[in-house]
Amino acid sequence: MSLARDRTVQGLTLALGVMLIVAALVPSWIVNQLLFGFSRAIAVLGLMVLWRTRLVSFGHALYFGLGAYTVALIERYAQVSDAFVLLAAAALLSTVVGFLIGFIVRRYRDIFFAMLNLAFSMILYGILVKTEALGSTDGFTIEAPTYAGIAFEDASQGKLALLCLLLVVGWACAVGVQAYLRSTLGRLTTAIGDNEIRVEYLGYSAEKAIHIKYVLSTFLAGLGGGFMALALGQVDPDSMVNWTASGELVFVTILSGPGSVAAPFIGSFVFEILRTYAFEWMPHAWQMIVGGTLLVIIFFVPGGLWALVARVAERLFGARAGAGPAAAGTGR
Amino acid sequence: MPPPILDVRNLHKNFGAVTAASNINVSFAPGETVGIIGANGAGKTTFVNMITGYLKPTRGAILYRSREITGMPPRAIARLGICRSFQVSQVFVSLSVLENLLTAVAIAESPGLGMLRPLRRPELIARAEGIMERYRIAAYRDHLASDLSQGARKLLDIAMAVVGKPRILLLDEPTSGISTEEKQPLMDVVMDALRQDELTVLFIEHDMEIVERYVDRVLAFYQGEIICDAPPAEALRDPKVLEFVIGAEYQPEPGAGHA
């Protein structure tokens, strides 16, 4: 079956078309929510890929932050302000760092994998906070970028252009990850979660497969971070590099569920909305609502929001809406 | 006599103060079926683990087709043509039987960039189905491996080991955890399937009836050493083997030999 006939890819393409139209119609506050949500979704897509091998990283804000800071620093110090260049640099740098750190983390599993990633992210956090030239605790603001040389006078038009770019890139990432998951290498990493010894005895290096997967996740995290920097118009260590930011990514991964490459986009958007409303309703205890929601998800829908969406779609259309191996990473 | 396919020289393995293998010298001819017997802790699995690269020997050399493979990682040894099954079946429990075999077939056929091609390709599926037929597990094609019976899981485990077309296959207790009535049918399926590949088969076995029925040659281990290396009719009557390996419960029938 070719990729073009894959139901998930068809669904994603349809969703892209719909979203491009929706983006032009909705008020600007929703444009912002979509920007934040889908930026994070790209990073979450990477964590989902790791989760399929039962690996959880508590440190992917390292790459998310690296992507964001690459955008900010290049704009500040190299006076380059084209979104395409900035985002490419963000993805490239985090991928290179991910490739190098991958040689270390690929040897670890379970909690050691999770915490080793956390350790690396804390190092970056420490460097950023202590270094004045890197913005210290305040970070930087970022000017609105140009898009292949085109500058938008109107801020809301600029945001809309960024959202269109984000939608297209997000679509490409989701399709790419889907192709990866269908490939032998992608399916193999599910197998590695089951039994590494067997993979070795079949003649393939489990560590190598995990390394490739890890690099893919760092590319996605860096790209997502780059988008987030442009969407927010600023970077700061606490919301982008600190361990709480890593936790947020894991949170959204669980909220979304591992069932489909579309899940992170739904989960991240819901997370943004949830957080915004929770904050308005209870400015000092919004975490309680967000945490409570996650508890409800874990208890009642371990497959995440995607499982909920799939269930509804099944009822409406009677077909399995690409539920896929939804149980693969639900932990039981 | 053809040159040995596997030649083990002065192999030695210590775990701290415990000697798990001591001065093992043995070689195997192509196409031989060899039974490895010995009490628990005699060093059988250590021997298999060293040949397949899971353990590094303390001293000694392992030569496969005149090439030294001592200390190479399991995946490199597997690619060269030495595969194994496990005492406790090592299958991918969250994948179906078909996907288990597809994974094995895909790695065997295209370990490089071919890994980026989709797993479910018609030619791979055809091969996987052929293997399922041969090992009589086609009925469970789309069952999750975690749902299989012990016997079917063993068969899947062994089938996955031979997908890469090895020249040597090591089976670690293929009938462990299988009921007495099921042992012989299972071994019939395995040995029939393996005969088509003209493999050298080494298998660890506790059931002497199985050993006597299927092997050309017996290696008996005791405290990390080979105490007997002979055809089954002779080995299973050897006084040392009777004393240290078999114990009193098994009495070979007079005149019974290799079936």
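B:Gly35 stands opposite B:Val218 in β9(B). I began from this pair, keeping in mind that the model is predicted.

**Entry 1: β3(B) and β9(B).** I looked up how the two strands are joined. Five bridges connect β3(B) with β9(B), and the strands run parallel. I then asked how β9(B) is placed in the structure. Strand β9(B) covers residues 217-222, and five of its six residues are buried, so the strand is largely enclosed by the rest of the structure.

**Entry 2: β9(B) and β10(B).** I followed the chain onward to β10(B), residues 225-230, which is joined to β9(B) by five bridges in an antiparallel arrangement. Within this pairing I noted B:Phe221 opposite B:Ile226 of β10(B). The two strands form a hairpin with two residues between them. In the turn, B:Gln223 has a positive phi of about 50°.

**Entry 3: β3(B) and β8(B).** I returned to β3(B), residues 33-38, and found four bridges to β8(B), with the strands running parallel. Here B:Ile36 is the residue opposite B:Ile204 in β8(B).

**Entry 4: the residues of β8(B).** Is β8(B) enclosed or open? I found that five of the five residues of this strand, 200-204, are buried, so β8(B) is largely enclosed by the rest of the structure. I next recorded which way these residues point. B:Thr200, B:Leu202 and B:Ile204 point one way, while B:Val201 and B:Phe203 point the other way, and all are buried. In a regular strand, side chains alternate between the two faces of the sheet.

**Entry 5: β7(B) and β8(B).** I looked up the pairing of β8(B) with β7(B), residues 168-172; five bridges join them and they run parallel. B:Leu169 is opposite B:Val201 in β8(B). I traced the chain from β7(B) through helix α6, residues 180-195, to β8(B), and this β-α-β crossover is right-handed.

**Entry 6: contact with chain A.** How many residues of chain B are in contact with chain A? I read 27 residues of chain B in contact with 20 residues of chain A. The elements that give two or more residues to this side of chain B are α2 (74-80), β6 (82-84) and α3 (97-109). Helix α3(B) gives the most, with six residues. I also noted the makeup of the side of chain B that touches chain A: 17 nonpolar residues, four polar and six charged.

Methods
Residues numbered from 1 in each chain as written. Chains lettered and ligands numbered in written order. Predicted model: local features only at pLDDT ≥ 70, side-chain atom pairs only at ≥ 80, totals over all residues. Buried ≥ 20, exposed ≤ 12 C-beta atoms within 10 Å, placed from the backbone. Pairing = 2+ DSSP bridges. Right-handed = clockwise from strand over helix to strand, strands pointing away. Contact = placed C-beta atoms within 7 Å. Nonpolar A, V, L, I, M, F, W, Y, C, P; charged D, E, K, R; others polar.
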